[in-house]
Amino acid sequence: MSETMAMMAKHARECAEEIRKFEEIQLVSHIDADGITSAAIISKALERAGIGSEMMFVKQLDEAIVEKLADMNPELTIFTDLGSGQLEHINNYGVHAIVSDHHRPQGENKFHLNPHLFGANGSYEISGSGTTFILATQLGNNRDLADLAIVGCVGDMQYRKHGKLVSLNRMILEANPSVISPKKDISLFGKQTRPVYKMIQYSSDPFIPGLTGNEDACIDFLAKIGLQFSNDEKWRRWIDLSEEEKTRVTSSLLQYSMQNGMSSYNIGRLVSEGYILLEEQEGTEMRDASEYSTLLNAAGRYMKAEVGMQVCMGNRDGAYREAQDLLQNHRKNLVDGLNFVRDNGITELSNLQYFDAGSVIPETIVGIVAGMSHYSTGNRKLPIIAFADKDDGYKVSARGTQELVNRGLNLAEALSIVCQELGGAGGGHDIAAGATVPFGKKEEFIQKLNSTIATQLIKT
């Protein structure tokens, strides 16, 4: 992998040389955590290099947006965490571009920085923010931005395949120990900010039978193992516990999970590697890469990606408070979405399962609801597909599991194949992907996707 990193750095140097020719640059990035951190990394790098920039966030890059950029006629556009799938349009409309992305390329561009071009997999070896970090290191001394690169790849769930960051992500992590540090710990979300019982109650990945979603059961579980309140009778967070208490909770939770029929795979996932941002304040979302990425995702899902970017740029006042408000609203919407799926059910076909949220669940969060429903009410042996209405068609979000990927599932490829037949556009990663399908073609789409996935899965 060191050779791959060297090749990417060499091409990033060529991209950086092109960037330095311009005084003002148009930036375009995706609205999720990986896209927002990518945007912050390149913005900071350009600012330090004395180069001006304008930022544009988009939910999805398509021909219409590329045409709009062409009409704006910037001297140079830098695409981060997107662009690799739209190289043909970028070239056809004459947009002079640097593309820093990790999705599978479709087409060619001279200044295209993408791990797939160098033999690495953008699904788990490096994210958009990691790729952009490599570009930033060739623009100046920007190694302190490694923490944002790790936040982005955690938000992109690049740790899922191996249970920790590997390959190029690992190299970025280990080369910058002053700003980001790995720590093996309980894997439940919210170690910095949530009371311990809330961590357990809201655990959806993995789903803990009898505890997930049951506040009273979680409180009772902790009482039985002797976990006490703090002196002021407030519930303590994970970071407030002693090491002995953390060990007691973790071992008791592992024992409980074995006794309640959890698979060995999911039991193993209760303890994993987490990532601490050493320069951030303890007890805030930004201290933990998982919580930080969730904060950013909440901003992006509600079309406030610029708020998340301001947090990444160091704004800990107004932008941070607004991001926290968006996160609180986001959590409420997720609960409402999960309740909708539970009440309305999931339809199973031979090789997939799906639900149609219509306009009830916002299309910007239906993928998250799909992933959480997969663990709580869905069939883990089948990928889950979610539909939600959007202005120009149906939003499709697809989620799989690592076990299914190991059997041959590639959702990005499957969605792309079916969209080529029916119109629309699809892409993403093998384990998580998305698409837009024209109105009136939902039933045909789901049947064709079911057949396409059948050809991928290795029957057991």
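Visitor: What order do the strands take in the open sheet of 5 strands?
Guide: The order is β2-β1-β3-β4-β5, and the pairing is parallel. Two strands pair if DSSP finds at least two bridges between them. Helices (H or I, at least four residues) and strands (E, at least two) are DSSP runs, numbered from the N terminus. This is a predicted model, in which local features need pLDDT of at least 70, side-chain atom pairs count only at pLDDT 80 or more, and totals for chains, interfaces and linings use all residues. Residues are numbered from 1 along each chain as its sequence is written, and side-chain values use heavy atoms, leaving out hydrogens and water.

Visitor: Thanks! Which are the edge strands there?
Guide: Those are β2 (52–58) and β5 (112–113), each of which pairs on one side only.

Visitor: And how many bridges join β3 to β4?
Guide: There are 4 bridges between β3 (residues 77–80) and β4 (residues 97–100), which run parallel. To find the pairing in the model, look for Ile 78, which stands opposite Ile 98 in β4. Thr 77 has Ala 97 of β4 as its bridge partner.

Visitor: Which helix packs on that sheet, touching β3, β4 and β5?
Guide: That is α5 (residues 128–137), whose direction makes about 125 degrees with that of β4. Touching, or contact, means heavy atoms within 4.5 Å. Axes are lines fitted to C-alpha atoms, for helices over the stretch in contact, and angles run from 0 to 180 degrees between N-to-C directions.

Visitor: Are the faces of β4 covered or open?
Guide: Both faces are covered: Ala 97 and Val 99 are buried on one side, Ile 98 and Ser 100 on the other. Buried means under 20% relative accessible area, exposed over 50%, and partly exposed in between (1.4 Å probe, protein chains only). In a regular strand the side chains alternate between the two faces of the sheet.

Visitor: Back to α5: at what angle do the axes of α2 and α5 cross?
Guide: They cross at roughly 10 degrees and come within 8 Å, with α2 spanning residues 33–48. The two helices are therefore roughly parallel to each other. On the scale used, angles under 35 degrees count as roughly parallel, over 145 as roughly antiparallel, 65 to 115 as roughly perpendicular and the rest as oblique. The contact includes Ile 41 and Ile 42 of α2 and Phe 133 and Leu 135 of α5.

Visitor: New topic: how many disulfides does the count come to?
Guide: The count is 0 disulfides, a disulfide being a pair of cysteine sulfur atoms within 2.5 Å. For Cys 153, the nearest cysteine sulfur is that of Cys 312, 13 Å away.

Visitor: Is Cys 153 buried or exposed?
Guide: Cys 153 is buried, at 0% relative accessible area. Cys 153 is one of the buried residues of α6, a helix (residues 146–155) with 9 of its 10 residues buried. Just after α6, Met 157 takes a positive phi of about 60 degrees.

Visitor: Last one: which side chain makes a polar contact with that of Thr 436?
Guide: The side chain of Lys 390 does, at 3.2 Å. A polar contact is a pair of N or O atoms within 3.5 Å; within protein, one must be able to donate a hydrogen and the other to accept it, and residues adjacent in sequence count only if both atoms are side-chain atoms. Thr 436 lies in β13 (residues 432–437) and is buried at 8% relative accessible area.
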